Structure formats: structure tokens, C-alpha cells
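This report describes some features of one protein model. Look at the sequence and the structure before reading on.

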Amino acid sequence: MIKFIRYLFLAWISAITLSGCHHQSSLQTIATETVRTDTTPSISPANSKSKIAAYLDSLGFINIAEADTSIAIDLMYTRTDNFTGQILYEDLHEAYLHPEAMESLLQAQKLLKGIQSDYSLIVYDAARPMSVQQKMWNTVKGTPKYIYVSNPVRGGGLHNYGLAVDISIIDAQGQPLPMGTPVDYFGKEAHITGEEQLVQTGKITIQELKNRQLLRKVMRDAGFHPLPSEWWHFNRVSRQIAKEKYHIIL
């Protein structure tokens, strides 16, 4: 009787062991099949670029995000919340610059980090094809805003050479520093001339003025030149030099 009970006990242990092994084997088979059936192709960064980005690559322009990942990108003309109220960049989601402007931008970021390590530059617009410039001009011609947009018939502006950038500063939380006006604001409050008067009349605060001055310092020291009517706009060279030495982005 004892031998029979022992035989039943051993048989029961063996059945449990085999059942556990079978269960584990089944899980491994399911996991393997799951991996094998996942045939979704990965998308490389090159394949995910817009057509205009690929075109700018072919011209030798530099993708800012690829050159320095610490510089934030937020192209304002990929959305409708810009001064035109329209999406102007329908097939461009990357910010590009001419190599010479890119070199200066990298230097400006380095200078900013040296002053305030948790600050970073943020780019709102950079290289702009002339086709987009024409769309922008068509939107403003005949309105008071036309004075802020370069006429394509006259050769456009420095954005059309990849030698201008619309830019500001963000803090450690990724929030733009207050500059007195939003980017793309067209009015005297955005001018860098007479800023002390703007402070005295309460149009901008002292801190907003200091933030503008910090932006101008790092950009100037890196080789950029500010635009008097737009605190956020900086050119790498003059328009005359651009026409003489560089090529427009069509």
C-alpha cells in the first residue's frame, strides 16, 4: 500500500513538472511568433525629411537640429498662428542655414551656455525658399504690413539666402524668456531702437529689456547683426554682400 501511494505521489510531481515546462515553452513560442510577425519597416531620418529639406541638403545647407540638438526649433510658419494667419511651410518642417550662418549660430549657443548654462536658443525661422517668400508677400501687399516683408521682385531678404534667423531664448523648462512682444509682432514695441523709452512708458519691462540685450549680445558676438524693427531677427551679412557672394534659395 505504501509503495502504491509513493508511486502516485511521484506520478503527480512528474505531471506538474511536464505541465510547467509545456506552459513555458508555449510562452516562448508566442513571444517568438510576435517578434517574427512584427515586420513594420523602420523609418530613417533621411526618409522622414520633407522634400524641401532634401533639396536644401543637396545645396549644402545645414540642418540646425542635426548640427546641435540643444538648439530648440519651433518654425512659426508651419502653423497658422503667425502674422499671416496661414501655413506657409507646407512641405518644410526643418530649420536650415547656410554653413557660414550655421557656424555663427553654434557659436552663439556656446556663448549663451557660457553665460547661463540652463538657457538655450530657440529658432522660429531660418532658410526660406523664394517660393514661400512670394506667398508671404502676396499676403501682405496692399496692407500696412508690407513694410516688414521683403519684396521677391527686389531680390527678397536674407532668409532667402539662408543667412538670417528669427530667434529667441528659452529657459530650463523650455519656456521662452519674456521679450516684451511675441515673435512676429509688428509695432514699435518690437523695435530695438528707443527701448529705454519703451521701459519708461511701461511698454516693456526692465527684465524684458535685459533679456533682449542678452540675446543681442550672444548673437552679435557670434557675428550676427540685429534688425532695428524686430528684436528676434538677425542677419549674418548685409543684403548687398548676399547679392554679390551668395545664391538665393528658389
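## Aromatic pairs

The model holds 7 aromatic pairs, counting rings of Phe, Tyr and Trp (its six-membered ring) whose centres lie within 6.5 Å; planes under 30 degrees apart count as stacked, over 60 as edge-to-face and the rest as tilted. Tyr 77 and Phe 83 make an edge-to-face pair, 6.4 Å centre to centre with 75° between the planes. Both Tyr 77 and Phe 83 are buried (buried means under 20% relative accessible area, exposed over 50%, partly exposed in between, with a 1.4 Å probe and protein chains only).

Phe 186 and Trp 232 make a tilted pair, 6.5 Å centre to centre with 45° between the planes. Phe 186 lies in the loop between β5 and α7 (195–200) and Trp 232 in strand β7, 46 residues apart. Helices (H or I, at least four residues) and strands (E, at least two) are DSSP runs, numbered from the N terminus.

## Basis of the model

This is a predicted model, in which local features need pLDDT of at least 70 and side-chain atom pairs count only at pLDDT 80 or more, while totals for chains, interfaces and linings use all residues. Residues are numbered from 1 along each chain as its sequence is written, and side-chain values use heavy atoms, leaving out hydrogens and water.

## Strand β5

Strand β5 (residues 164–170) has 7 of its 7 residues buried, so it is largely enclosed by the rest of the structure. Ala 164, Asp 166, Ser 168 and Ile 170 cover one side, and Val 165, Ile 167 and Ile 169 the other.

Strand β4 (residues 120–125) runs antiparallel to β5 and is joined to it by 5 bridges; strands pair if DSSP finds at least two bridges between them. Leu 121 has Ile 169 in β5 as its bridge partner.
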